[in-house]
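Subject: Structure handover

Hi,

Here is the structure I promised to pass on to you. Please open it alongside this note, and the findings follow just below.

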Amino acid sequence: MNTLTGQGIRIRVGAATDVGRVRAHNEDCYLAENLLWGVADGMGGHAAGEVASRIGVDTVGALAYRHPLRPDDLLGAIRDANARILASGSTPETEGMGTTFAGLAVVEAAGADHWCVVNVGDSRVYRLIGNRMSQITHDHSEVRELLDAGLITPAEAARHPMRNIITRSLGTDPAPTPDVWVFPPSRGERFLLCTDGLTNEVGERDLMLALRTDADPQIIAEGLVDAAVRNGGRDNVTVVVVAVDTDEDDEEEADTSPRSALNPN
Ligand code: MG
């Protein structure tokens with residue numbers, strides 16, 4: 001499989017978001033437009049996070065019908081979103097607002113369709129192939145840095161008091177560096193994009209079990225959001241599920257693990 005836009009390919013998408021049980025506003029939002037998907041988790045007082053996440057999603061979403069779309073276009077849109085959030089954050093109500101952004105797009109690279117994943121912050125993109133799910137993105141968070149340094153265990157990370165502190169976001173830094181991955185498609189793969197309101201409430205094994213069912217992606221997305229709310233709903237929760245179906249059932253598969261990062265970390 002080397003195309004995502006040709007005949008015999010069907011991309012199905014589901015998306016859902018919920019304010020949760022504790023927060024007064026939903027400062028998350030999502031993007032699901034043509035071949036471009038994303039989630040954004042806004043932060044800031046007086047509901048300013050809603051403004052920041054909306055700017056992030058709208059600015060990147062303006063690329064939805066650009067063809068060909070290239071990884072540099074996504075990076076440019078993320079830079080633009082950052083500048084727009086910074087420029088909007090000059091009133092007392094919006095000062096200090098920011099947002100994460102984790103996105104997935106079909107891009108053209110080396111003359112063929114590829115997936116492109118971009119990330120700033122601690123929202124996540126997971127990829128499922130067969131029964132194996134892996135997190136593509138790397139959280140930009142204090143807890144991730146402590147984990148990487150071997151100073152805490154994964155169990156400690158899950159309840160660490162600093163688990164909500166992120167080290168990169170749009171709108172809080174003049175030039176935050178997004179991580180980018182570009183990799184070829186693989187047969188039967190699925191993606192899960194989500195904010196931390198999901199991953200703080202639902203374990204990765206349950207995410208994998210939900211993602212690998214044959215259910216429609218909209219049912220999966222709503223089911224995961226419901227599970228997060230049921231498990232506590234302590235944060236806004238947002239999920240986008242992207243599933244690729246193809247007629248090419250007997251094609252040989254190459255190793256397409258996403259290690260061809262443009263700027264690996
Ligand atoms: Mg959150």
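**Overall fold**

In the protein chain, 72% of the contacts with a separation of 6 or more come from residues 24 or more positions apart, a contact being heavy atoms within 4.5 Å. Before going on, please note that this is a predicted model, in which local features need pLDDT of at least 70 and side-chain atom pairs count only at pLDDT 80 or more, while totals for chains, interfaces and linings use all residues. Residues are numbered from 1 along each chain as its sequence is written, and side-chain values use heavy atoms, with hydrogens and water left out.

The protein chain has seven helices and eleven strands; these are DSSP runs numbered from the N terminus, helices being H or I with at least four residues and strands E with at least two. Its radius of gyration is 18 Å, which agrees with the value near 18 Å for a compact globule of 265 residues. That radius is taken over C-alpha atoms, and the globule rule is 2.2 Å times the number of residues to the power 0.38. Along the principal axes, the C-alpha atoms fill a box of roughly 55 × 35 × 35 Å. Of the 265 residues, 52% count as buried, meaning under 20% relative accessible area, with exposed over 50% and partly exposed in between (1.4 Å probe, protein chains only).

**The magnesium site**

Which residues coordinate the magnesium ion? They are Asp 41 (OD), Asp 196 (OD) and Asp 235 (OD), at 2.1 to 2.2 Å. Donors are N, O and S atoms within 2.8 Å of the metal (3.2 Å for Na, K and Ca), and since water is not among the atoms, sites may look incomplete. The spacing of the donor residues in sequence is D-x154-D-x38-D. Distant parts of the chain are linked here: Asp 41 lies in strand 3 (residues 36-43) and Asp 196 in helix 5 (residues 196-199), 155 residues apart. Both Asp 41 and Asp 196 are buried.

**Strands around strand 3**

Strand 3 runs antiparallel to strand 2 (residues 28-33), joined by six bridges; two strands pair if DSSP finds at least two bridges between them. Cys 29 stands opposite Ala 40 in this pairing. The hairpin of strand 2 and strand 3 has two residues between the strands, and Asn 34 takes a positive phi near 55 degrees there.

Strand 3 also runs antiparallel to strand 5, through four bridges, with Leu 36 partnered by Ala 105. In strand 5 (residues 101-109), eight of nine residues are buried. Nine bridges then join strand 5 to strand 6 (residues 112-120), again antiparallel.

An open, antiparallel sheet is formed by five strands in the order 1-11-10-7-8. Strand 1 (9-18) and strand 8 (132-135) are at the edges with a single partner strand each, so one side of each has no neighbour in the sheet. Neighbouring strands are turned by 15 degrees against each other on average, direction ignored.

Strand 10 (residues 190-194) and strand 11 (residues 237-246) share five bridges, and Cys 194 stands opposite Val 239. Helix 7 (residues 217-230) lies across strands 1, 10 and 11, at about 25 degrees to strand 1; axes are lines fitted to C-alpha atoms, for helices over the stretch in contact, and angles run from 0 to 180 degrees between N-to-C directions.

Best wishes
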